[in-house]
Amino acid sequence: MKFLPTLLAVTSVFAATSAIAGPPVTVTFKNQATAEATYTIITSNETSTYANASPKPVTKRPAGSNDVYTVTSLISPDVNYANVRYKIGSKECVFGTTFVNALQPGGYKIPKWNKTATGSGGAICTATITSTNLSTYAWTVDFVMK
């Protein structure tokens, strides 16, 4: 019986953590270029994305290969995001995706998913939301670099 309070405390922490987590986003990075892409972290949002990713994004992604990981933010059950950056030489793609379940006048919420892809140095970058789940708000996104 001595362990019961500790067990309850640990269970409560896990329950609280899962209760505040936002819906997961499954990210598929597709390196469709002819050279190896390097996963790079520069901004605080990229740092947070890496910390919240499972499994962790692979640092080096060979040409013609994919990397898949899930990101779950602990900010709120109504918010999640993933911000990632990949480089191939002087080419760079900065990708982002967000989910917000925004409270509207009248007290109801409207879920909204977004995606962005910004290229530089001649990189061709695209972001496509490939699925959304209206029950759990989980979604999947493809980030493609050429």
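The chain has 2 helices and 10 strands; helices (H or I, at least four residues) and strands (E, at least two) are DSSP runs, numbered from the N terminus. This is a predicted model, in which local features need pLDDT of at least 70 and side-chain atom pairs count only at pLDDT 80 or more, while totals for chains, interfaces and linings use all residues. Residues are numbered from 1 along each chain as its sequence is written, and side-chain values use heavy atoms, with hydrogens and water left out.

**Whole chain**

Start with everything shown. Along the sequence the pattern reads α-β-β-α-β-β-β-β-β-β-β-β. Of the 146 residues of the chain, 34% count as buried; buried means under 20% relative accessible area, exposed over 50%, and partly exposed in between (1.4 Å probe, protein chains only). The chain exposes about 8000 Å², and carbon and sulfur atoms supply 62% of that area; accessible areas come from the Shrake-Rupley method with a 1.4 Å probe, and for residues only the protein chains shown count as cover.

**The sheet**

Next, select β4, β2, β6, β7 and β8. In that order they make an open sheet of 5 strands with antiparallel pairing. Two strands pair if DSSP finds at least two bridges between them. Strands of a sheet pair through backbone hydrogen bonds, either parallel or antiparallel.

Which strands stand at the edges? They are β4 (60-61) and β8, each with a single partner strand, so one side of each is left without a neighbour in the sheet.

Strand β2 (residues 37-40) pairs with β4 in the antiparallel sense over 2 bridges, and the bridge partner of T38 in β4 is K60. Contact here means heavy atoms within 4.5 Å, and axes are lines fitted to C-alpha atoms, for helices over the stretch in contact, with angles running from 0 to 180 degrees between N-to-C directions.

Move on to β6. Strands β2 and β6 run antiparallel and are joined by 3 bridges; T40 has R85 as its bridge partner in β6. In β6, 7 of the 10 residues are buried, so this strand is largely enclosed by the rest of the structure.

On to β7. β6 and β7 pair in the antiparallel sense over 10 bridges, and Y81 has T98 as its bridge partner in β7. The hairpin of β6 and β7 has 2 residues between the strands, and G89 there takes a positive phi near 60 degrees.

Strand β7 (residues 91-103) pairs with strand β8 (residues 109-120) in the antiparallel sense over 12 bridges. One place to look is C93, whose bridge partner in β8 is G119. This hairpin has 5 residues between the strands, and G106 takes a positive phi near 100 degrees.

**Aromatic rings**

Show the side chains of Phe, Tyr and Trp. How many aromatic pairs does a search of the whole structure find? It finds 9. Rings of Phe, Tyr and Trp (its six-membered ring) pair if their centres lie within 6.5 Å; planes under 30 degrees apart count as stacked, over 60 as edge-to-face and the rest as tilted.

Zoom in on Y39 and Y86, an edge-to-face pair at 5.3 Å centre to centre with 65 degrees between the planes. Y39 is in strand β2 and Y86 in strand β6, 47 residues apart, and the pair links distant parts of the chain. Y39 counts as buried at 7% relative accessibility, and Y86 is buried at 1%.

Select T97, in strand β7. Is T97 buried or exposed? T97 is buried, with a relative accessible area of 0%. Its side chain makes a polar contact with the side chain of W139 (2.9 Å). A polar contact is a pair of N or O atoms within 3.5 Å; within protein, one must be able to donate a hydrogen and the other to accept it, and residues adjacent in sequence count only if both atoms are side-chain atoms.

Go to S73, in the loop between β5 (66-71) and β6. S73 counts as buried at 1% relative accessibility, and its side chain reaches the backbone nitrogen of I75 at 3.2 Å.

Last, select T128 in strand β9 (residues 125-132). T128 counts as partly exposed at 41% relative accessibility. Leaving out residues up to four places away in sequence, T128 touches K115, T140, V141 and D142.
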